[in-house]
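Hi,

Here is the structure I promised to pass on.

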Amino acid sequence: MGTLGVLLQKGYKTLRKKEGLGTGDVILLCLCGLFLELTQLPLFLIASGSFAILIKWIYGRSFEEETFPFAPAISLSLWVTILVGL
């Protein structure tokens, strides 16, 4: 998960020329990988993206900023993935 986080961070920065994931988000992804099995990773990543879209929509309507915190989406998706327990 840590490697995936770093690849996402560096790849987004290279392609879009702006910061996508912060270092704290990458560390949180790495820590989430310690609690998940390999078969749970696809669900975790899909849930993270889905919750991020939802949080971006709520955050954008409330604060009208371009950036938003990704850590709540990661945390929520970790809980959902562990509770579903595929």
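The protein carries 7 positive side chains and 6 negative ones, and the centres of the two sets are 9 Å apart. Lys and Arg are the positive ones here and Asp and Glu the negative ones, with His and the chain ends not counted; each charge is placed at NZ of Lys, CZ of Arg, CG of Asp or CD of Glu.

A word on the source: this is a predicted model, where local features need pLDDT of at least 70 and side-chain atom pairs count only at pLDDT 80 or more, while totals for chains, interfaces and linings use all residues. Residues are numbered from 1 along each chain as its sequence is written, and side-chain values use heavy atoms, leaving out hydrogens and water.

**Overall fold**

You'll find 4 helices and 0 strands (DSSP runs: H or I of at least four residues for helices, E of at least two for strands, numbered from the N terminus). The C-alpha atoms fill a box of roughly 35 × 30 × 15 Å along the principal axes. Of the 86 residues, 26% are buried (under 20% relative accessible area; exposed is over 50%, partly exposed in between, with a 1.4 Å probe and protein chains only).

**The cysteines**

How many disulfides does the structure hold? It has 0, a disulfide being a pair of cysteine sulfur atoms within 2.5 Å. The sulfur of cysteine 32 has its closest cysteine sulfur in cysteine 30, 9.3 Å away, which is too far for a bond. Cysteine 32 is buried at 1% relative accessibility, whereas cysteine 30 is partly exposed at 40%.

Cheers
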